[in-house]
Amino acid sequence: MNIPGSDIPFRLVEEAVPAPGRGEVLVRVRASSLNYRDPALASGHYPYPMEPERVALADGAGEIAAVGPEARRFAVGDRVASTFFPTWYGGAFRQVPEMYVTTRDGWLTEYKVVDEDALVAVPAHLGFEEAAALPCALVTAWNAVRGAGVGDVVLTQGTGGVALFAVQLARALGAEVVATTSDPAKVALLEKLGADAVIDSRATPEWGAEVLAATGGHGADLVVELGGQSTIAQSIAALAYRGTISQVGLLGAAGAGLDLAAFFGKQAVLRSIPVGSRSDLEDALRVVAAREIHPVIDRIFDFDDATAAWAHFSAPGRVGKVVIRH
Ligand SMILES: NC(=O)c1ccc[n+]([C@@H]2O[C@H](COP(=O)([O-])OP(=O)(O)OC[C@H]3O[C@@H](n4cnc5c(N)ncnc54)[C@H](OP(=O)(O)O)[C@@H]3O)[C@@H](O)[C@H]2O)c1
């Protein structure tokens, strides 16, 4: 079978269930989810190449089926989810850590042995399919909105996995949220998630001025930048003085790009977001648990129909995450 839009043939492989070694656990994987990188990897448009024969998908959740010698963090039956970088547990980003799919087998599998330190516990209010939607997009959104709080305005862009978690987390932190979308059909969902104002970015190409108008001229204290080249000019226009741009995505290649004079004029702060560590994800999960946040899942596919998930992820109209049930 082929991943739609890609030349990479994905093969279904039968293997013996592996046994966990020292410090490792065996996870019965119950669900996995796609992120923007997965179609990019499959079509060769990811900055790091996918090694041949690697198992797909970085996000997964399941239950502990066996515990190896000296593994103490989890017991059989515990519900766990992956972390995006299996060897980055905390602290600053000082190098590109190991990543699933590019240098390690991913989570599109029924059983998986991993180091126990590469896992987090799943909040009690979430099922496996919801848990599998969390790791990459949630921790990215968390690091992007981190620091915002009551009295701040957070601007989000679109209705993808990262953007919707950013709306939910910013609201949970007490911030006011202004969201953009290019699809008027998605306005109601953003409002339901807690966006205080939603701007149709296609109908209003100069939406930066709309953000100022929606916030009484103040602007956004923090922008979750997802469009990149295509949106950064409007993000700066939307920014409050001394506001922060969290640079997360590069979804749009066309556009005016970064105008340093405008950036300087706002005395803006730019910070790049490198997904996040396990410790960052655990911080985000505490908020998810306390506020009983549920991820927005657009559609769930069966394991046998997994490659259809790639086509659906790239189809117009999607909101939030695409999940595979194992
Ligand atoms: N730096 C990091 O740590 C990190 C981690 C994860 C993801 N990312 C990046 O973040 C971006 C989003 O990832 P994702 O998984 O959330 O993707 P996604 O689920 O595919 O997001 C798609 C949504 O983004 C919106 N969108 C599309 N093109 C856009 C553009 N040019 N400008 C603004 N919004 C646009 C659309 O929403 P509407 O239809 O509502 O307009 C679309 O539905 C990607 O570039 C990804 O590579 C970065």
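Is Arg 146 buried, partly exposed or exposed? I found Arg 146 to be partly exposed, at 31% relative accessibility, where buried means under 20% relative accessible area, exposed over 50%, and partly exposed in between (1.4 Å probe, protein chains only).

**Basis of the entries.** I worked on a predicted model, in which local features need pLDDT of at least 70 and side-chain atom pairs count only at pLDDT 80 or more, while totals for chains, interfaces and linings use all residues. Residues are numbered from 1 along each chain as its sequence is written, and side-chain values use heavy atoms, with hydrogens and water left out.

**Salt bridges.** I took a salt bridge as a side-chain nitrogen of Lys or Arg within 4 Å of a carboxyl oxygen of Asp or Glu.

I looked up the partner of Arg 146 and found a salt bridge with the side chain of Asp 283 (3.6 Å, N to O). This pair links distant parts of the chain, 137 residues apart: Asp 283 belongs to helix 9 (residues 278–290), and Arg 146 to the loop between helix 3 (135–145) and strand 6 (153–157). For these elements I used DSSP runs numbered from the N terminus, with helices as H or I of at least four residues and strands as E of at least two. Asp 283 is partly exposed, with a relative accessible area of 21%.

I next examined Asp 59 and Lys 321, whose side chains meet in a salt bridge (3.7 Å, N to O). The pair links distant parts of the chain, with Asp 59 in strand 2 (residues 59–67) and Lys 321 in strand 13 (residues 321–325), 262 residues apart. Asp 59 is buried at 0% relative accessibility, and Lys 321 is buried with a relative accessible area of 2%.

I also noted a network of salt bridges that links Arg 73, Asp 117, Arg 278 and Glu 282.

**Helix 4.** How far apart are the end C-alpha atoms of helix 4? I read 17 Å, which agrees with the 16 Å that its twelve residues (161–172) should span at 1.5 Å a residue; the expected span is 1.5 Å times one less than the number of residues. Eleven of the twelve residues are buried, so helix 4 is largely enclosed by the rest of the structure. Among the buried residues I list Val 162, Leu 164, Phe 165 and Gln 168.

The side chain of Arg 171 meets that of Asp 196 in a salt bridge (3.7 Å, N to O). Asp 196 lies in the loop between helix 5 (187–193) and strand 8 (197–200), so the pair ties together parts that are 25 residues apart in sequence. Asp 196 is partly exposed at 44% relative accessibility. Just after helix 4, I found Gly 174 with a positive phi of about 95°.

**Surface patches.** I took patches as residues with over 30% relative accessible area and no salt bridge, joining like charges within 9 Å and nonpolar side chains (Val, Leu, Ile, Met, Phe, Trp, Tyr) within 5 Å. Tyr 48, Phe 93 and Val 96 form a nonpolar surface patch with about 250 Å² of accessible area together, by the Shrake-Rupley method with a 1.4 Å probe. Val 96 lies in the loop between strand 3 (79–82) and strand 4 (111–115), and is partly exposed at 43%.
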